Structures are given as structure tokens and as C-alpha cells.
Amino acid sequence: MIKNASSVVSFPPLGMALIAAVLKGEGHSVVVIDAAIADNNQQVPFDSSSINTKLPPNTSLVTTGLSYTEVADLIPPDTDIIGFSCMFSIDWVSDRALINFIGKKMPDKILVAAGESASGMPDIFLKQCPDLTACVIGEGEETIIEFIAALKEGRSLETVNGLMYRAHDGYIKTAKRERLRKLDLLPIPAWEEFPVTKYPRPIRNSDGTNGITLPLIATRGCPYRCTFCTSPDMWGTRYFLRSPESVVAEMEYLKSTFSAVNFDFFDLTAIIQKKWVVEFSNLLKERKLNITWRFPAGTRSEAIDEEVIEALSSSGCREIIYAPESGSERVLELIKKKVIIPKLMESMTLAKKHNMRIYINMIIGLPGEKHIDIFKTCLFLIRCAKLGVNDVGLAKFRPYPGSALFDDLHKQGIFDLNSDEYFIDSLFVVDSILLNKFYNREIKSSILYMVYYFLYLSSFYAAQFIFQFSNFKIILNNGTMYRYGLNLKKDIIGLFQGFGAVNNKSTAGV
């Protein structure tokens, strides 16, 4: 990340915990190294010589957590296979450096990468990491078991579905793996292998109790095809649910074993079947677990009626996260986001009636978004603030490998993955506006984007100040508005410094 970045938060890696549990269930000896968590929030300077692009002036990069040497020292000498969890392309420059470092230090080991980033661009992984044997594509629980079995038995990796692996004449992509359907058969994540007490507590002051927070997932897949999302490629559009009994049993176990009292659901689209949500909430009430939990509403906000809201609220759910992404119906149609704005507003009104905290996620700069769409979204944000929405998460659009928009932009030659420009640009997506590339042809000026970014935030927070002052005071305490303001301040200072440098050059030329 950029040194002194203000927006990096570590959270327990659910995917790694599931893979660890599956491997242990098969009788394998497993060692987990959670490199992002280290004492004293250690930051290690990153060697930029491996980066194949020019960094912006005065940019220093660091990794947070363990150094690569510390990671290597924690790997037992008798390890056969080393797996890397690579979830986000924003981390690729660092992931690549770590994989290559371990590969050179331990040339006799088999290296395999998995996660959404590896699934979205496995060819880039194999090309840029010469010691990497394979990438797991999609769900990894069954694939990693078959991968190990094939190696042990001396079989070709071509017999293992869901892989791209290195062959003598290039890379081979095997058949797509069939989706897991019986999710209740999956083990409980192996959190005993992780430093669960070291993870940050919920970042919002009003979130539940100050106890251990762990992630959960109740569903897999999403029936929708939002063009900015990697889900259709990573998971597919088939939607499978665990039974409510299975999820409640996991929460009960995590509370009794790890003293977890807060739970964050990481589902893509959690609420599709009203019956499931009501049954799940009733089970939680029956067990009297005395916990709090947060739920992502996903796309089907119309499924959240008053009965569902009452069930959620009475069972410990304190927060619902909606993801409208845009306040313009034209943009929603363009990105295939099946959100109906009147239904969304109706659902949020019901949630506030039952004292739920509501957070909304928005995206600015989507390809095809026009000036008029920006202003429609500002009006939408004012309506949301007036209604009582507690806070907004504003993200600049960035194409994710494996999404439809990423593929379209790549085909158009908007970015070249043979250089690191795309990946370095990703580092500024949260902590800078001016230094981040924009993918919208309608709004080409980065300065205008900074103005629009500020307009989004000021629309929401000014309306909060006027209509919901009690919410506004909580936002001030939580610091989210401060973080946005800090980033804007840095960009404005950088902008004037840039003007100053141009003027000095002009004067020197005269």
C-alpha cells in the first residue's frame, strides 16, 4: 500500500480458514501464516525495483504485517505445498513479490495460488511467477484436495478440474469445476489456526459490543450479472444456500470456542428467499446467543419487507448494508444492476422504522455514466440522508479482473497487463482521486472528477447535518467523513503543488 494510507483495514480471511479446515479434515498437516497481522502494526518498505512502471513522484510503498523474510522463516522445512491466498488485484505487486521470494528461497516446494485475483487472471500469475505451479480457479475446497491427490499419485494435473497450471509448452486450463451445492457439508472454518484476538474491532463506534468479530457466509453465488462484479466468473450465477440450522450452529460454536460476539456476513446477495431469513432469525432468537450481526442486503431489496425487518431486528441484526451503486436508473440498467430505486427507498424506510443502522455503497465513474447521472445520484444521496441512512461508502470505479467491464476495457486496449501500470494505479483508488485513472469517456478531467467526488460527499453529509443531526454527530465520531476529507485535502495540496511546478518551469524557460 501507499505509505501512510488512511484506508487499509485487515479482516479475518474466511477463504483461507475454510481451506485450512478442509485440508485438516483430509488428514493433512496445515500451518497458516496470516502475514497481514503482526504486532505493532509493522510496516515494511517495499522494494520498488520489481515494478514494471513508473511510480508517481514522492510515492513510497510499504507492506503491512510480516516481512517476506519473516514469512519464509515461519514455513516448516518439511512443507510439501505452499498455498497463497490472492484475493485482490490491488495486492498483486506485493503478492507477486512474495511468491517469487518464496520460490527462490524454497525451490523444491510446490507453489499454488488461489482466490478471486488468481481466478480472474491466472495466466498473468503464471507468466510473472516462474516458480508457481498452478492457480485454482473458482471455489477451492474440492480442487485443492484433488490437486494434492494428483501430485501424490503422479497423475497429470489435467485430470483436476478448476485449474490453470504450468506445462512444458505453456499453460493448460482444465475443465471448469462443477459448483458446490451441499454447502452444509463444508466444515466450520479453522479459526483455531488464526490470531483471531488480534484483528481490529468493528470500525464504527456504534457497532455492537467490543468483542471478537468473525466473518460468515450463508450463501454462494449470485443470480445477477452486474457488469462491474467478478461473481459471474468466480462463482457463477447459480445461487446455493446453507440451511439456517447450519449457520446458527456455526455462530454458536464460534461464540463458545472463540468468544466471538459480533458477526459480519460476507455474502454477495444474502437476502433472496424471505422464508430463509425469517427461519434463520427465529432460530437465533430461540438459541438466545446474545450476539450482534451485520447483513448485506445485496440486490433484492424488495425482499426486505416489514416481516423480514422485524425478524432481523429482534434476532440481533443491527445493520443492513445496501448497494445501490448509483442513483441513476439509466446507469443501473447499463451495469445490469437489478435495483428498483422506489423499492429500495421503501425497504430502507422500513429498516429505519425498526431502528436499524443503514449503510449504502456507491460507485462514481462507471463507464457510460454521464454528467446528468452524477446529479441524479446527488439527489438520491440527499433523499437517503433525509430518510436516515447512517453513512455512505463511496468508491471510484475500478475494473476487476474477471468482470465483464474489465474484459471490455482490456479488449479496447485501455490498459496493458504486461506492465504494472494497472496494478500500481489500483493503489490510489481509495487514497487519491487525482492520481487514479478514470475509465469514463464522458468525464475525462480528473479535476472535474474530484469536484464530483466532493459533490457526492457534500450532498450526503450536508443533508445529514440538516435533517439527521444525531447521525451526523456519530459520523464525526467514527471518522469516516474525516478520512474522505483527508484524501481530498491531500489531492488539493498535490494539485496546487503541481501548478506551482508548472509555473516554475515556465519561468525558468523565460
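User: How many aromatic pairs does a search of the whole structure find?

Analyst: The search, run over the whole of this predicted model, finds 19 aromatic pairs. One of them is formed by Y68 and F101, whose ring centres are 6.1 Å apart and whose planes make an angle of 45°. Because planes under 30 degrees apart count as stacked and those over 60 as edge-to-face, with the rest called tilted, the pair of Y68 and F101 is classed as tilted.

User: Which parts of the chain does the pair of Y68 and F101 link?

Analyst: The pair links distant parts of the chain, since Y68 belongs to helix 2 (residues 68-73) and F101 to helix 3 (residues 92-105), with the two residues 33 apart.

User: Are Y68 and F101 buried or partly exposed?

Analyst: The reading rests on a cut-off, because buried means under 20% relative accessible area and exposed means over 50%, with partly exposed in between. Y68 has 18% relative accessibility and so counts as buried, whereas F101, at 28%, counts as partly exposed.

User: Which residues do ring pairs link into a cluster?

Analyst: Ring pairs join F397, F406, F415, Y422, F423 and Y439 into a cluster.

User: What is phi of K288, and is K288 buried or exposed?

Analyst: K288, which is likewise not a glycine, has a positive phi near 50°. K288 lies in the loop between helix 9 (274-287) and strand 12 (292-298), and its relative accessibility of 72% makes it count as exposed.

User: Which residues form the nonpolar patch on the surface, and which elements give two or more residues to it?

Analyst: The nonpolar patch on the surface is made of L379, I382, F465, I466, F467 and F469, which together have about 590 Å² of accessible area. Helix 13 (371-387) and helix 16 (446-467) are the elements that give two or more residues to the patch, and helix 16 provides the largest share, 3 residues. F469, also a member of the patch, is found in helix 17 (residues 469-478), and at 39% relative accessibility F469 counts as partly exposed.

Conventions:
Residues numbered from 1 in each chain as written. Predicted model: local features only at pLDDT ≥ 70, side-chain atom pairs only at ≥ 80, totals over all residues. Heavy atoms only, no water. Phe/Tyr/Trp six-rings, centres within 6.5 Å; stacked < 30°, edge-to-face > 60°. Helix = DSSP H or I, 4+ residues; strand = E, 2+ residues; numbered from the N terminus. Buried < 20%, exposed > 50% of the residue type's maximum accessible area, 1.4 Å probe, protein only. Patch = residues over 30% accessible without salt bridge, like charges linked within 9 Å, V, L, I, M, F, W, Y side chains within 5 Å. Areas by Shrake-Rupley, 256 points an atom, 1.4 Å probe, with all protein chains shown as cover. Salt bridge = Lys/Arg side-chain N within 4 Å of Asp/Glu carboxyl O.
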